Amino acid sequence: MQFVRNLEVALTDPHSRIVVALALRADFYDRPLAYGSFAALLGDSIINVVPLTPDELEAAAEGPAELAGVQFEPELLNRLLGDVVGQSRGLPLFQYALTELFDRRAGPLLTAQAYQEMQGVGGAITRRAEEIYLGLAPSEQTACKQLFLRLVTIAEAGAWSRRRVAASEIVTIVEDVVDLQSVLDKFAAFRLLTFDRDYASGSPTVEVAHEALLHEWPRLTEWIEEGRDDVIHHARFLTAFVEWHAAEEKADYLLSGQRLSDYEEWANTSTLRLTSREQHFLDDAIAQREEQRDIRYGSEEPEVDGSTPSLTTRTLGCGGVPLVLA
């Protein structure tokens, strides 16, 4: 909210020399419209980015190739364009196919044979992701699934998209951080993951580099379909966790009542592993509930045998291992 207010000031102050350029995905266009005064500023300054024409796609391929000192076999470029024009999510697949072709080049030549071996535009990203996954050790494959289910968000309509995640969120989703780091390194080496830093905190972040991967890699789409409820529940749980953390972990912001019972049951059956901090949040809420029960029962008359309910104590711990992002 404060970020939006700052943009408003930058755009409306008559003495401001700041020019703001926003790139906004079509499926997220409704987000800024929720801020009335800011939404009014968008109306006269919208430029729609439409799909590239065949000529523009050709230029987008040949220009960088020329700068890199490579060239296309004549038939290759025609096949490449024919596979991309008119296809949904075609541009990111086109981009990734070009990087794969460059990696597979024969001297200064990008060849049709290499394109065939990587199974064209549609198969390039899928084949590469599956090759990486199959080359992982079993424990790394477990880490891979946990990681990618964290890197996706599911909208109310059921469609999913990529999600930028803080490194601090994922560092304890597996038992051995070395497995997680290995997965990050291997997928990043082929430009399937990208790393950045949060603009506010400066902390490292990770996200899927090409959203097409979420739809084109069958193994991943299967994970998302099977884990849909877990991903949705976790997003809601994470909202409560963030509110509690922002409130300096005050007890008033802990889960309680039926809401706590629901999340406790979900956490016990979910295929998504909670981080140590998330588990700490849940454990604190459970401990508070048990303490309140003990206080309530402790005020009642003792049992006939003279025994009194005992207060259950639990030791809570939270730790993290620094995650090194390449």
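At 1.5 Å a residue, the 14 residues of helix α6 (residues 90-103) should span 20 Å, and because its end C-alpha atoms are 20 Å apart, the two values agree; the expected span is 1.5 Å times one less than the number of residues. This is a predicted model, in which local features need pLDDT of at least 70 and side-chain atom pairs count only at pLDDT 80 or more, while totals for chains, interfaces and linings use all residues. Residues are numbered from 1 along each chain as its sequence is written, and side-chain values use heavy atoms, without hydrogens and water. Helices are DSSP runs (H or I, at least four residues), numbered from the N terminus.

Among the buried residues of α6 are Leu93, Leu98 and Leu101, where buried means under 20% relative accessible area with a 1.4 Å probe and protein chains only.

The second largest pocket holds about 210 Å³ of space. Of its 14 lining residues, Pro64, Ala65, Leu98, Thr99 and Phe102 are the closest to its centre. Both α4 (54-67) and α6 give two or more residues to this lining, and the largest share, five residues, comes from α6.

| Class in the lining of the second largest pocket | Residues |
|---|---|
| nonpolar | 10 residues |
| polar | two residues |

Elsewhere, Val4 has its place in helix α1 (residues 2-12) and is buried, with a relative accessible area of 13%. Leaving aside neighbours within four places in sequence, Val4 is in contact (heavy atoms within 4.5 Å) with Tyr35 and Phe38. The C-alpha atoms of Val4 and Phe38 are separated by 7.3 Å, although these residues are 34 residues apart along the chain.

Terms used: Buried < 20%, exposed > 50% of the residue type's maximum accessible area, 1.4 Å probe, protein only. 1 Å grid on protein atoms, 1.4 Å probe; cavity = no way out; pocket = protein on both sides within 12 Å on 5 of 7 lines; lining within 4 Å. Points joined across faces, edges and corners; volume = space filled by probe spheres on them. Nonpolar A, V, L, I, M, F, W, Y, C, P; charged D, E, K, R; others polar.
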